[in-house]
Amino acid sequence: MFSTPLTPLELPSQSASLWLTALVMNAVLIAWAQRFPLLTKAGWCHAGILGTVLWGSLAWRGWLAVVAYLVLGSLVTKLGFARKQELGLAEGRGGRRGPENVWGSAFTGFVLALLIAAGIGSPALLLIGFSASFAAKLADTFGSEIGKRWGRTTLLITTLRPVPAGTEGAVSVEGTLASAVGSLLMTVVVALLGLLQSGAACALVLVVGFIATLLESLLGALGQDRWSWLSNELVNGLQTAWAAGLAMLAAWLLGVSG
């Protein structure tokens, strides 16, 4: 299923005109997209900064991959939203994401995109890390949102004892399966957009995206009730960082090309 990506991603030649185009395109698109209840006003502004860097660094395909992540993550958040509100488990602000959510999810990808644009490191490895960071985050979003609403039995990942839905570090069969689906969907997106070029790279991103979500649950169970500074956004940032790092390390050790 991953054998025929669109065409290989061609990294853009860096120029002032490219970045000016990126800025103008994102300003226009953000102005239009604000009618949709995906982000807060501040969230849209920060998304515009992120989008400009992605477009300038990776051209429209890298930008579109992250837009697809945002749309898929927002859609799954809306599933069963009324019921999650009744249970007190719904995202605040009607499910709209703010700046902290934007950067918690995308800061790792933002840094990797800048490294690619600056010509620092192997583009193939960095694109694997970029893809894995968003696969992990979409897996986390799918698992959390589906698990909170439809998880029949939620267990603390460290002890496997039953805990209420929404508890930090809680997992369920339904949520775990949803995480695998989320990682798969994001992997398909980046493969179709040409960010990954081999079946081995796609398989690696898929697996790492899923594993990183389990590690995020483990961190939540062990640390979020103990350390007040360990916010959800920081945990999200750590999850995407270790997903990218693990994927790039595994790709280098196994000789997997982008």
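Let's start in the middle of this predicted model: its largest nonpolar core has 55 residues, and the members that touch the most others are Ile128, Phe130, Met186 and Leu195. Helix 2 is the top contributor, with twelve.

Phe130 is a handy place to look around from. Leaving aside residues up to four places away in sequence, Phe130 touches Leu54, Leu58, Gly62, Val66, Gly109, Leu112, Ala113 and Leu195.

Now for a helix pair. Two packed helices are described by the angle between their axes and the distance between those axes. For helix 5 (residues 123–150) and helix 6 (residues 173–192), the axes come within 7 Å and cross at roughly 145°, and the crossing is right-handed. On the helix 5 side, the residues that meet helix 6 include Phe134, Leu138, Phe142, Ile146 and Trp150; on the helix 6 side, Glu174, Val181, Leu185, Met186 and Val190 are among those taking part. Sorted by class, this contact holds twelve nonpolar, eight polar and one charged residues.

Zooming out, the protein chain has eight helices and two strands, laid out along the sequence as α-α-α-α-α-β-β-α-α-α. Among contacts with a separation of 6 or more, 75% join residues 24 or more positions apart. Of the 258 residues in the chain, 48% are buried.

Terms used:
Residues numbered from 1 in each chain as written. Predicted model: local features only at pLDDT ≥ 70, side-chain atom pairs only at ≥ 80, totals over all residues. Heavy atoms only, no water. Helix = DSSP H or I, 4+ residues; strand = E, 2+ residues; numbered from the N terminus. Buried < 20%, exposed > 50% of the residue type's maximum accessible area, 1.4 Å probe, protein only. Contact = heavy atoms within 4.5 Å. Axes fitted to C-alpha atoms, helices over the stretch in contact; angles between N-to-C directions. Left-handed = near helix turned anticlockwise from the far one by under 90°. Nonpolar A, V, L, I, M, F, W, Y, C, P; charged D, E, K, R; others polar. Core = buried A, V, L, I, M, F, W, Y, C linked by side-chain atoms within 4.5 Å.
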